[in-house]
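Here's a quick briefing to read with the model open. Have a look at the fold before you dig into the details.

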Amino acid sequence: MVKYKAPLREYEFVLREVLQIEKELGSYPSYSEATWDMIEMISEQFGKINEDYWLKSSKDGDEIGVIFDEGKVTVPESMKEATKVVIESGLTQLFGHQEYGGMEFPNVINVLSDEMSCASNMSLGIYLGLTKGAYHCIHKHGSKKIRNMYLPKFLSGQWFGTMCLTEAHCGTDLGLIRTSAKPNNNAYLVSGQKIFISCGEHDMAENIIHLVLARLPGAPKGVQGISLFLVPKYKVKEDGTLGGKNGVNCVSIEEKMGVHGSATCVMSFEKSEGYLIGELNEGLAAMFSMMNTERIAVGLQGLGQSEIAYQNALSYAKDRIQGRDLKEPRNPEEEADPLIVHPDVRRMLLRSKSLIDSGRMLACWTALAIDKSEKDTDAKVRKENGELVELMTPIVKALLTDYGVEITSDMLQIFGGHGYIKEYGMEQFYRDVRIAPIWEGTNGIQALDLAGRKMPQKMGRLLRRFFHPALEFIEKNKEDKDLKEFVIPFSKALKGLQKTTLYMAQKGLANPYEIGAAATDYLRQFGLVAMAYMWLLMLEVAFSKRSENEYYEHKITTARFFYERILPETLSRAIAIGSGSKTMMSLPDEGFDSIHQFTGVT
Ligand SMILES: Cc1cc2nc3c(=O)[nH]c(=O)nc-3n(C[C@H](O)[C@H](O)[C@H](O)COP(=O)(O)OP(=O)(O)OC[C@H]3O[C@@H](n4cnc5c(N)ncnc54)[C@H](O)[C@@H]3O)c2cc1C
């Protein structure tokens, strides 16, 4: 049976001891309630709900799944119960602004709650995550009337949200959108079909609020002609109560590889009443304004699934006996030793642990910058943190989700054949997490965003938001007796990244294929250097407290593994980037074919 324990000690270490969020955020008036005692209490409560309710419902989500019948979608009962518990505890109000009934907790706390919910039941986390995303988008771009009408209902858990971008002929290239919107009195009539809409229809909320991308007649072609509309499943009367059904229908749901508890819907909009969000023809910008938080949230799906897979694999590796320790039996009185004695099993565990720890730190560090970019009174601090967030967002999304797939695979491997069968639940993690590198902008597109947009932006100013503090850290700590062991290889890896960046900037100017060919390797190289920097920040604390208890000593060993075994991958990535685009672009399309006709051979 799958087990899960909320990693609260890890969050205390990262948020309180390393990032010192009380000191960093305590002076912002809207966060005055968010004392560490309060955060701790909420984390414990949230963790317990995840351990006791969400985890139980995850199996039902996978095995019973969502059921489609004549336009209606039914979610398994245990998932509904788990949702009810979280709503009744008031935790859906955590992220909202006080004027709409929210608790206005720092964004960085979202990392903790998103990781836990995506670990214990990723399908269920999607319903609430999309609602949170819709809340932020409407809060930023909706009119006052719309904000007052809709936002309190999201926070109270009565209404849920969706994001409707994709159409059959249009996925990554949103400029191809055909869904139309025609002005009609004070509203618009939205018509068209969207596919792959997560949580487009279900029976967990009174109303479902769709954020739909569509274009007006005569709007400019491509992404410049797209607007964003709020389209409710049930119309909402002036007094906020529900009116009649809008022209929104779920035509079917998809059969898919994982996240079976999340309904993936084909949605038909037939002259459905919608309201403009943001400015006309600026819909994509409005939708993408919430992308930083959304993309970090998707990264946390990867992290959450990695964590739960790791916890279960570790427990199995300690219990299952098979083979003998290479040096001497660990359990001479038993027939065999536990799996954890084998170096190869330890390699998989430690690789995962070191990636999870630094991935979590990276997500929290970036989320803290979001808080500072929104709340700080100093405009310069807001701007600089905003730039850091811009830079790090594609890295957090792609790195944590790619590692999510890798780690769930390695953790399944520790179970051998027992991982491949359903009984232990390991194959569900692998299936569920596989969507995360695909949605919210595929990881290939995240890499292009980093290498093609963020890297050259503002003459490299975004890059400096990472490079400068990292260089300062090196300067300050290069002689430190403890940190030196790590600072020296970090400094080399950072120099390597700077070199690659320069190389790509120069080559990319002459030939855009160079950026396209290098982007994924560049994101990984950057991501690994960023993780190494996160380790340095954690090590500073770990060394200072190593005499207090073993927890800190274990962190140092985990960091050492990362530096010895994972960071060197930056070298092979740099070599791959240096090989350029010539070879991959020179093979003609037919050269990719694997079925060759033996013509002309006698
Ligand atoms: C389970 C599930 C739930 C989803 N939920 C939602 C949802 O709630 N709302 C919503 O709107 N959508 C949703 N989607 C859609 C999802 O966001 C898209 O599948 C994704 O954006 C990719 O689009 P596509 O599938 O059409 O692939 P394509 O765009 O056809 O891409 C195919 C491949 O080509 C690559 N590629 C494409 N263009 C380029 C380029 N210019 N340069 C380099 N590589 C490129 C991609 O990286 C990818 O590897 C969901 C999808 C699934 C499977």
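Which backbone nitrogen lies 3.1 Å from a polar atom of the side chain of His202? The backbone nitrogen of Met204 does. Keep in mind that this is a predicted model, where local features need pLDDT of at least 70 and side-chain atom pairs count only at pLDDT 80 or more, while totals for chains, interfaces and linings use all residues. Numbering starts from 1 along each chain as its sequence is written, and side-chain values use heavy atoms, with hydrogens and water left out.

**Around His202**

- You'll find His202 in the loop between β5 and β6 (207–214); strands here are DSSP E runs of at least two residues, helices are H or I runs of at least four, and both are numbered from the N terminus.
- His202 is buried, with a relative accessible area of 2% (buried means under 20%, exposed over 50%, partly exposed in between, using a 1.4 Å probe and protein chains only).
- Leaving aside residues up to four places away in sequence, His202 touches Val73, Val75, Tyr127, Phe160, Ile208 and Lys233 (contact means heavy atoms within 4.5 Å).

**The ligand site**

- The ligand is surrounded by 17 residues, and the closest are Met163, Thr166, Thr172, Phe196 and Thr442 (a residue is near if one of its heavy atoms lies within 4 Å).
- One nitrogen atom of the ligand is 2.8 Å from a polar backbone atom of Met163, and a nitrogen atom of the ligand is 2.7 Å from a polar backbone atom of Phe196.
- Taken on its own, the ligand has 970 Å² of accessible area, and the protein covers 60% of it (areas come from the Shrake-Rupley method with a 1.4 Å probe).
- Elements giving two or more residues to the shell are β3 (159–164), β5 (187–198) and α14 (443–454), and the largest share, three residues, comes from β5.

**Salt bridges**

- Side chains of opposite charge can pair when their charged atoms come close.
- The count comes to 45 salt bridges, each being a side-chain nitrogen of Lys or Arg within 4 Å of a carboxyl oxygen of Asp or Glu.
- Glu115 pairs with Arg360, with the closest N and O atoms 2.8 Å apart.
- Glu115 sits in helix α5 and Arg360 in helix α10 (residues 343–375), so this pair ties together parts that are 245 residues apart in sequence.
- Glu115 counts as buried at 0% relative accessibility, and Arg360 is buried too, at 1%.
- Both belong to a salt-bridge network that links Glu10, Glu115, Glu307, Lys353, Asp357, Arg360 and Lys555.
- Asp337 and Arg324 also meet in a salt bridge, at 3.0 Å from N to O.
- Here Asp337 is buried at 0% relative accessibility, whereas Arg324 is partly exposed at 30%.

- Asn107 is in helix α5 (residues 107–120) and is buried at 11% relative accessibility.
- Beyond four places in sequence, Asn107 touches Tyr31, Thr293, Ala367, Ile370 and Asp371.
- Ile435 lies in the loop between α13 (426–433) and α14, is partly exposed at 23% relative accessibility, and touches Met122 and Val259, again not counting residues up to four places away in sequence.

Key. Polar contact = N/O pair within 3.5 Å; in protein donor to acceptor, adjacent residues only side chain to side chain.
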